[in-house]
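Notebook open. I want to go through the pocket, the metal site and the aromatic contacts.

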Amino acid sequence: MISQRMQEAINEQINKEFYSSYLYLSMAAYFEDKSLPGFAHWLRLQADEEREHAMKFYNHLVDRGGRVRLKAIDAPPVDWPSNLAVFEEVQQHEAKVTASIYALYELALQEKDYPAQTLLHWFIDEQVEEEKNAAEIVQQLRLIEEHSASVLMLDHRLAKRESEE
Ligand code: MG
């Protein structure tokens with residue numbers, strides 16, 4: 001049987017995973033609206049994955065005779081100032097999720113909850129992957145921005161060419 005403290009903490013985490021799913025779906029909707037279906041596709045799959053994360057915790061509680069208690073999911077933002085801002089938020093959000101997974105793991109250690117520790121090992125690895133993916137996209141979007149800046153600079157230089165007599 002799983003401890004009351006651990007049950008409450010896992011129920012909190014279920015809510016956080018559903019919020020992640022909701023956040024990424026809202027980001028997908030933002031890109032659908034901008035006619036960028038590739039970005040929207042990536043975020044839709046990300047939203048699906050977050051729901052699966054919630055269900056892993058849900059199943060863990062059910063399997064151990066715990067009680068799943070679903071809470072209200074906060075409304076995610078609807079708009080962002082730029083494509084880069086969206087993925088910077090993904091990156092920051094994943095860092096927060098990692099911190100909450102670590103806190104949950106700390107609690108599992110204190111409670112000597114070995115099954116929860118095993119489950120959380122999977123999540124710890126998963127967060128390494130999630131943070132890597134988000135960082136890669138942010139980096140690439142930043143490169144694109146830098147490149148457009150250099151193109152503008154080159155354009156500025158080319159504009160200054162004088163005609164030869
Ligand atoms: Mg997750």
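The model is predicted, so local features need pLDDT of at least 70 and side-chain atom pairs pLDDT 80 or more, while totals for chains, interfaces and linings use all residues. Residues are numbered from 1 along each chain as its sequence is written, and side-chain values use heavy atoms, with hydrogens and water left out.

I looked up the largest pocket and got a volume of about 160 Å³. A pocket here is an open set of points on a 1 Å grid over the protein atoms alone, where a 1.4 Å probe fits, with protein on both sides within 12 Å along at least five of seven lines; lining residues have an atom within 4 Å of a point. Grid points are joined across faces, edges and corners, and the volume is the space filled by probe spheres set on them. The lining splits into 3 nonpolar, 3 polar and 3 charged residues. Among them I noted Lys16, Tyr19, Glu89 and His93. H1 and H3 are the elements that give two or more residues to this lining, and H3 gives the most, with 5. Helices are DSSP runs (H or I, at least four residues), numbered from the N terminus.

**Metal.** Which protein atoms are the donors of the magnesium ion? I found Glu17 (OE), Glu50 (OE) and His53 (ND1), 2.1 to 2.2 Å from the ion. Donors are N, O and S atoms within 2.8 Å of the metal (3.2 Å for Na, K and Ca); water is not among the atoms, so sites may look incomplete. Glu17 sits in helix H1 and His53 in helix H2, so this pair ties together parts 36 residues apart in sequence. Glu17 is buried at 1% relative accessibility, and His53 is buried at 2% (buried means under 20% relative accessible area, 1.4 Å probe, protein chains only).

**Rings.** My search of the whole structure gave 8 aromatic pairs; rings of Phe, Tyr and Trp (its six-membered ring) pair if their centres lie within 6.5 Å, and planes over 60 degrees apart count as edge-to-face. Tyr30 and Trp80 have ring centres 5.5 Å apart and planes at 75 degrees, so I logged them as edge-to-face. Tyr30 is buried at 8%, and Trp80 is buried at 8%. Ring pairs link Tyr30, Phe31, Phe39, Trp42, Trp80 and Phe87 into a cluster.

How values were computed. Rings of Phe, Tyr and Trp (its six-membered ring) pair if their centres lie within 6.5 Å; planes under 30 degrees apart count as stacked, over 60 as edge-to-face and the rest as tilted. Buried means under 20% relative accessible area, exposed over 50%, partly exposed in between (1.4 Å probe, protein chains only). Ala, Val, Leu, Ile, Met, Phe, Trp, Tyr, Cys and Pro count as nonpolar, Asp, Glu, Lys and Arg as charged, and the others, Gly among them, as polar.
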